[in-house]
There are 2 protein chains.
Amino acid sequence: MTYFRDNIEAMRGYVPGEQPQGGKFIKLNTNENPYPAPDAVRRAIEARVAQGLAKYPDPSATAFRLRAAELLGVEPDWIVCGNGSDDVLTVLTRAFVGEGQRLRTPTPSYIFYRTLAEIQGAACEEIRFNDDWSLSDEFITNTDGLRLAFLPNPNSPSGTCLSPQRVLELAEALPCPLVVDEAYADFAETNCIDLVRRCEKVIVTRSLSKSYALAGLRFGFAVAQPHIAAGLMKVKDPCNCDALAIAAATAAIDDEAWLAETRGKIITSRARLTAAMRTLGFAVVDSQANFVWNVHAELPVRPMFEELRRQRVLVRYMDYAGWGDGLRISVGTDEQLDVCLDLIKKLV
Amino acid sequence: MTYFRDNIEAMRGYVPGEQPQGGKFIKLNTNENPYPAPDAVRRAIEARVAQGLAKYPDPSATAFRLRAAELLGVEPDWIVCGNGSDDVLTVLTRAFVGEGQRLRTPTPSYIFYRTLAEIQGAACEEIRFNDDWSLSDEFITNTDGLRLAFLPNPNSPSGTCLSPQRVLELAEALPCPLVVDEAYADFAETNCIDLVRRCEKVIVTRSLSKSYALAGLRFGFAVAQPHIAAGLMKVKDPCNCDALAIAAATAAIDDEAWLAETRGKIITSRARLTAAMRTLGFAVVDSQANFVWNVHAELPVRPMFEELRRQRVLVRYMDYAGWGDGLRISVGTDEQLDVCLDLIKKLV
């Protein structure tokens, strides 16, 4: 017999992108930043360690919220911090979606949303993106029991964005909160922070993993109207952000020059990668994230992924039912991308 | 209107012990270790920072599990790590207890269990400890929908332990898993790790917050039979432990001499605190944790708590419905306890 809930027993569990702990790989599979975090992060961590770690951290991560609020033009009580944005997504799901209720997400997109629905014992309604990665009004259908919608913007694997105008239209029409997952928004031309003020149903989530090169540290946050944020605070674990993560994240967002410079380098390399993959015969949609989605009309891409892996270059092979497969390649340094491109050249 | 689930809307949210971020307090309210973590922790963190934080951490926290498995005499796949043991307790609740089902806990004990039930939309059945802090067979009644039981051992606020024999009896009789929350077990004479092998329903949780002086870092873990651990891995966030916490926790448990020495000092101070409080007229049950529960038959203790706070000494005032109130005082250094005792002397 099992003691687990039926929905837990039935689910397979989310499989994250491969994180080899040893060996030398060029890692272009999980959208990490190829540049190290600003040095201020190291200094902030060392200073915080020197104060001792015996005491519980600030449950509200006040230091981070004060600085982030300034930078984003909101008040601190609009911000809820989490142990990575996955923690924030988990809290959102637990706060809004009960057993037997429904969560909506576009597809192809971030597959962790489905896992969150499964853990909650809820249904996950996947609405197919149009072929041009726009999203039809099917996304705003009022289904019985629909309690939350997730919209990654920029989306993964495509790197495409819906415009803030379109996001606002969707949010206003939906019967439930719309979480705009902006894990990659620092690489995009627009974002939806301003919509939070205009519509209480818009909740924006952000991550420091990608744009701030802090995936190893786990820090993300939500921006929501204060009555929504207060409800989320009840659901998160009381001390979900550790003292080092709070100190490091605060130092990271404070270094705006570092972000501007790193963002610039990644956007330049992204254009170069996009052009090169097109030259090699791939269909590549313009990305606003730090990765590029590559589809090939004629050649199977799975063997390419496997050969790259044998050559110690990790990219992400994705195969979406009813959509097709492709390679999602993170924007590494130009040197890393050259190694990857040279290998792909031999395979096409 | 609200978008939150009814159970979330209705709940008040867990209020953790006060964590003043500024000012000079003697903090004896949240059972932190008064001694700094071993220096190996600082070195491990600095070495890990030097490797860079841009990449995701190991989702399985393998390094920690290997070392902890050796120390505990289990296999690594018996261990599931979490972002503090609160995260582990959250994962356990989500894994086993569905909406409308039941979770059981003794009372007075850790009030966060009730919050976890509330978030899950489940009922929390509180079974009263006997006056001598033993637990009657009411705890093993087979109620409809009972899916999980939590037993803090040592318990808070009492610091008392049930014997491993009694815990095994309870586990074998219960229709559901029994989580033995051993956040304070490093200060006790016995623990229940060996029971995990003997009964698949026993799941032991541990924290590095108290005995290893790492509350600021957030690291805890569960020990369970491997088929149980595998189910829990599906429910936890994929990268719930950050790279610095994994490195620091691994270094901390490796320093057995530090633990033995710190444990010894705390146990000595605990005896001293217990004796002094008894001299001052308090009823104090012998504690196996790093805190002491103080009840006074004649004097109200709430004003003492308030006066201590005014004097910048924080202890925990607890008032349990149907049981009564008291002061839970963490075992600080002898110097901290002297300040606290001198103040209390003037109030009795």
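Guide: Start with helix H4 of chain A, residues 85-96, in this predicted model.

Next, its surroundings. The cut-off for buried is 20 or more other C-beta atoms within 10 Å. In H4(A), 12 of the 12 residues are buried, so the helix is largely enclosed by the rest of the structure. Among them are the charged A:Asp86, A:Asp87 and A:Arg94. The nonpolar A:Val88, A:Leu89, A:Val91, A:Leu92, A:Ala95 and A:Phe96 are buried too.

Now the chain contact. It takes 61 residues from chain A and 61 residues from chain B. On the chain B side, helices H2 (39-50), H4 (85-96), H8 (226-235) and H9 (243-254) each supply at least two residues. H4(B) gives the most to that side, with 6 residues. The chain B side divides into 31 nonpolar, 15 polar and 15 charged residues.

The two sides match. Of the interface residues of chain B, 100% are also interface residues in chain A, so the copies meet through the same surface.

The symmetry comes next. A rotation of 180° superposes chain B on chain A, with 0.0 Å of shift along the axis and an RMSD of 0.0 Å. The two copies are thus related as by a two-fold rotation axis. In chain B, the C-alpha nearest that axis belongs to B:Glu99, 3.2 Å from it.

One helix pair spans the contact. Two packed helices are described by the angle between their axes and the distance between the axes. The axes of H2(A), residues 39-50, and H2(B) come within 11 Å and cross at roughly 175°. Angles over 145 degrees count as roughly antiparallel, and H2(A) and H2(B) are therefore roughly antiparallel to each other. From H2(A), the contact uses A:Arg42, A:Ile45, A:Glu46 and A:Val49. From H2(B), it uses B:Arg42, B:Ile45, B:Glu46 and B:Val49. These residues divide into 4 nonpolar, no polar and 4 charged. An α-helix has 3.6 residues a turn, so residues three or four places apart point the same way.

Last, an exposed residue. B:Ala275 sits in helix H10 of chain B, residues 256-279. B:Ala275 is exposed, with 11 other C-beta atoms within 10 Å. B:Asp286 is 11 residues from B:Ala275 in sequence, and their C-alpha atoms are 9.8 Å apart in space.

Key:
Residues are numbered from 1 along each chain as its sequence is written. Chains are lettered from A and ligands numbered from 1 in the order in which they are written. This is a predicted model: local features need pLDDT of at least 70, side-chain atom pairs count only at pLDDT 80 or more; totals for chains, interfaces and linings use all residues. Copies are superposed by least squares on the C-alpha atoms of residues with pLDDT of at least 70 in both. Two residues are in contact if their C-beta atoms, placed from the backbone, lie within 7 Å. Helices (H or I, at least four residues) and strands (E, at least two) are DSSP runs, numbered from the N terminus. The expected span of a helix is 1.5 Å times one less than its number of residues. Axes are lines fitted to C-alpha atoms, for helices over the stretch in contact, and angles run from 0 to 180 degrees between N-to-C directions. Angles under 35 degrees count as roughly parallel, over 145 as roughly antiparallel, 65 to 115 as roughly perpendicular and the rest as oblique.
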